[in-house]
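Please keep the sequence and the structure in view while reading.

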Amino acid sequence: MELLKRQDVPAEHKWDLDSVYPTTQAWEEDYARVEAMVPQLTAYQGRLGESAGVLLEALRKRDELFQLLERVAVFAHMKEDEDTTNSTYQALSTRGQSLYARVTAAGSFMTPEILAIPSETIRAWLDQNPDLAAYRHELEDLLREKEHVRSPEVEELLAQMSEVGGAPRDIFGKLNHADMKFPRIKDEEGKEVELTHGRYLRFLESPVREVRKAAFDALYGTYAKFRNTLAATYSNSVKKDVVYARARRYPSARAAALSSTNVPESVYDNLIEAVHRNLPSLHRYVQLRGKLLKLDELHMYDLYTPMVAEVDKKIPYAEAVETILKALEPLGEEYCEVARKGLTTDRWVDIYENVGKRSGAYSFGAYTTKPFILMNYQETLDSMFTLAHELGHSMHSYFTRRHQPYHYGNYTIFVAEVASTFNEALLTDYLLKQTDDPKLKMYLINHQLESFRTTLYRQTMFAEFEHITHQRSEKGEALTADLLDEIYYGLNKQYYGTEGMVIDEAIALEWARIPHFYSAFYVYQYATGISAAVALSRQVLTEGKPAVDRYLTFLKSGSSDYSTNLLARAGVDMTSPEPVQQALDVFASLLDEMERLAG
Ligand SMILES: [Zn+2]
């Protein structure tokens, strides 16, 4: 079927961006309004310490400005994604981005100025001024980091050095994406195709083993040629983290990173410990995979090819919506009513692919817009899961924005994937209960098992690698290519090493190609997120109403408190190992079921 041009897509298949700006003229007017408001904010520069009243006025002005700015920038970005070949919207999007950068820079005086006010003064103001108290959590959060703010001279130097600090990531990006070229390999039809980053995963998913192996060998063969450069780049990234943590007087790089979101280090350690305890389940999974693929020996390049047959089931969008809503029924009427409207008449969703449309899927929007969803809906089970996932994000945004003021109207990465993964868990549960078809059951269980393996186990292994490399660097060890290979290979052996599994030597070099390693101590949040989501979905399904109420309260809380507190109130204490264990128990029981079905 030929793709439609954007202008030919019927309105009911498109997201309702007209509700944000019906015309480009209306957008231009808000753009000008934002520009005019910037001096009104910068007028407070140097004045924040004057009184509670002045601080309050400045914070309100900031919120008013950013709330409008977000609307302007988000609209332009989404218009561009509708049709990336449209030069009018490309220009709009570029202007939106640069406006965002300019306004952010103009407002950057606020944090250091607030930090210069004595803590006792701010706390007294919070007690005296009830309007300012609406900002209590935000201000307390700032004060929490105060002991890590250095003298003005040191701060100035650190600010100037921050660009240099970005060098390793920058160099890695250039080497990895611009300069490195991979050889050609033979695809399933024996045709020579150039290996690229984008094609690598597709080749690894190939049912033809020679193709998987060729892609694997070609990829790591190429990285091997640059291994010393890549090791130097990565080790300097680690050193940078260590130097900054020391400059700010944190006990370690990890302590510094986790402190920014006030997550106790015990969360990180508990995650790793719980995953270690449950490695036997992963080993069982690997053996089952070998059995289903009918391979005596499983290699690292056999981990991504589907181990169950595709289910040939066409699911039109309207049917997907009904199924998802049925699956989410345990969340109650209000949730389902809002979701139904969002997916249909309220037109949150841009449903189908069209010429020039951005690929993939996301949930996006501003505080004052609908929580929009970009899809490239394909009428498959996978597509339906993606829709349920993005709907989870959008409902989280919807409830948060309705119940929180602008300054708490977003949520952190630590909790961001909870609402989305939660919906996937409920959808899986519902579909499994609905069917007796063993093929469909295996497909659904496999879908869940894969997300556990790639999100919980794999990201925890990444987290462990980062923890080890930073600790070694803090002890003064040099992170050479040999040492990095040794650490990474050792982890793979620990995680995947079981009978029938060959840990290919080349996998030792995987550390060299993971972009996330240049944002240290970030990926663990994917693993804690899925754990929290699975634990919460179990509570909702087994406990009913009390658990539902706690969960809905969580969705309405935005960033009004620290993430671990919000989750604790919802029913999962991430500072204890239980939620991760609960999630891994689910993994183990799904595995039991899969083993049974596989016979
Ligand atoms: Zn997501």
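On a 1 Å grid over the protein atoms alone, a cavity is a set of points where a 1.4 Å probe fits but cannot get out, whereas a pocket is an open set with protein on both sides within 12 Å along at least five of seven lines; lining residues have an atom within 4 Å of a point. Grid points are joined across faces, edges and corners, and a volume is the space filled by probe spheres set on the points. The model is predicted: local features need pLDDT of at least 70 and side-chain atom pairs count only at pLDDT 80 or more, while totals for chains, interfaces and linings use all residues. Residues are numbered from 1 along each chain as its sequence is written, and side-chain values use heavy atoms, with hydrogens and water left out.

The structure holds one cavity of 30 Å³ or more. The volume of the largest cavity is about 100 Å³. Its lining comprises 14 residues, and Met-300, Tyr-304, Arg-458, Ile-507 and Glu-510 are the closest to the centre. Helices (DSSP runs of H or I, at least four residues) and strands (E, at least two) are numbered from the N terminus; α9 (197–204), α10 (209–225), α19 and α20 (481–496) each give at least two residues to the lining of the largest cavity. By class, this lining has ten nonpolar, one polar and three charged residues, where Ala, Val, Leu, Ile, Met, Phe, Trp, Tyr, Cys and Pro count as nonpolar, Asp, Glu, Lys and Arg as charged, and the others, Gly among them, as polar.

Tyr-304 lies in the loop between β3 (298–299) and α15 (317–327). With neighbours within four places in sequence left aside, Tyr-304 is in contact (heavy atoms within 4.5 Å) with Leu-201, Leu-204, Glu-205, Arg-289, Arg-453, Thr-454 and Arg-458.

Helix α19 (residues 438–474) also packs against helix α24 (residues 578–598), at an angle of about 145° and with the axes 10 Å apart. These axes are lines fitted to C-alpha atoms over the stretch in contact, and angles run from 0 to 180 degrees between N-to-C directions. Residues of α19 in this contact include Ile-445, Leu-449 and Phe-452, and those of α24 include Phe-587, Leu-591 and Met-594. The contact has 17 nonpolar, two polar and two charged residues.

The chain is divided into domain 1 (6–149) and domain 2 (245–314 + 391–599), with bounds from an automatic or database domain assignment. The C-alpha centres of the two domains lie 32 Å apart, and their contact takes 16 residues from domain 1 and 14 residues from domain 2.

Each of these domains supplies at least three residues to the lining of the second largest pocket. This pocket has a volume of about 900 Å³. Among its 32 lining residues, Tyr-244, Arg-248, Tyr-250, Ala-256 and Ser-260 lie nearest the centre. The largest share of the lining, five residues, comes from α11.
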